[in-house]
Amino acid sequence: ALVINDNDFQDIITANYMITNVVLDGNCLEVSLSSSGCDSNTWEMNLISSNSFLESLPLQRRVKVELNNQEVCLAVFKKTVSFDLMPLRIDGQNQVPLNIEGWSETITYQY
């Protein structure tokens, strides 16, 4: 799920995983991450964006991946999830640079 909410954005902890790959495919953002767990089948991942923009032209969004992982095993697994980026579009722009916490490169979503 993709959520745009300032309160949720501030509360997201990103220390329980490591982003291993990010791929932009049209209107979708595929995020791969690794974390400890038993098998990753119960993991729930959300993409959370702040409702405020970084002061630049074009306007930029800050985003975080939320991983809900209740597994307490010590093995490390990898999981990839695709998120629909259309709700992140900004009126009057044909692109939105995305600054993903835990990923060193800005991803530019063009539409």
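How many bridges join β1 to β4, and do the two run parallel or antiparallel? Three bridges join them, and β1 and β4 run parallel.

Some ground rules. This is a predicted model, where local features need pLDDT of at least 70, side-chain atom pairs count only at pLDDT 80 or more, and totals for chains, interfaces and linings use all residues. Residues are numbered from 1 along each chain as its sequence is written, and side-chain values use heavy atoms, with hydrogens and water left out. Strands here are DSSP runs (E, at least two residues), numbered from the N terminus. Two strands pair if DSSP finds at least two bridges between them.

Now the sheet that holds β1. An open sheet of five strands runs in the order β1-β4-β5-β7-β8, and its pairing is mixed. β1, residues 2-4, and β8 stand at the edges with a single partner strand each, so one side of each has no neighbour in the sheet. From one strand to the next the twist averages 30°; for such angles, axes are lines fitted to C-alpha atoms, and the angle runs from 0 to 180 degrees between N-to-C directions.

Going along the sheet, Ile4 stands opposite Ser49 in β4. β4 and β5 run antiparallel and are joined by eight bridges. Glu44, for example, has Asn68 in β5 as its bridge partner.

Three strands form an open sheet in the order β2-β3-β6, with antiparallel pairing. β2 and β6 are the edge strands, each pairing on one side only. Here the twist averages 20° from one strand to the next.

β2 and β3 are joined by seven bridges. Two of the bridge partners in β3 are Val31, for Val22, and Ser34, for Met18. β2 and β3 form a hairpin with two residues between them, and Gly26 in the turn has a positive phi of about 65°.

Is β3 enclosed or open to the outside? Seven of its 10 residues are buried, so β3 is largely enclosed by the rest of the structure. Buried means under 20% relative accessible area, exposed means over 50%, and partly exposed lies in between (1.4 Å probe, protein chains only).

That leads to the core. A nonpolar core is a set of buried Ala, Val, Leu, Ile, Met, Phe, Trp, Tyr and Cys residues joined through side-chain atoms within 4.5 Å. The largest one has 22 residues, and Leu29 and Val65 have the most contacts inside it. The elements that give two or more residues to this core are β2 (18-25), β3 (28-37), β4 (44-54), β5 (60-68), β6 (75-84), β7 (95-100) and β8 (107-110). What is Val65 in contact with, leaving aside its neighbours within four places in sequence? The list is Ile12, Thr14, Tyr17, Ile19, Val31, Leu33, Met45, Asn46 and Leu47, where contact means heavy atoms within 4.5 Å.

Now the cysteines. A search of the whole structure finds one disulfide, defined as a pair of cysteine sulfur atoms within 2.5 Å. It joins Cys38 to Cys73, with S to S at 1.9 Å. The pair links distant parts of the chain, 35 residues apart: Cys38 is in the loop between β3 and β4, and Cys73 is in the loop between β5 and β6. The torsion about the S-S bond is about 75°, so this disulfide is right-handed. Cys38 is partly exposed at 35% relative accessible area, and Cys73 is partly exposed at 30%.

Last item, Asn69, which lies in the loop between β5 and β6. Asn69 is buried, at 17% relative accessible area. The Asn69 side chain makes a polar contact with the side chain of Ser35 at 3.4 Å, and reaches the backbone oxygen of Ser36 at 2.7 Å. A polar contact is a pair of N or O atoms within 3.5 Å; within protein, one must be able to donate a hydrogen and the other to accept it, and residues adjacent in sequence count only if both atoms are side-chain atoms.

Key
Helices (H or I, at least four residues) and strands (E, at least two) are DSSP runs, numbered from the N terminus.
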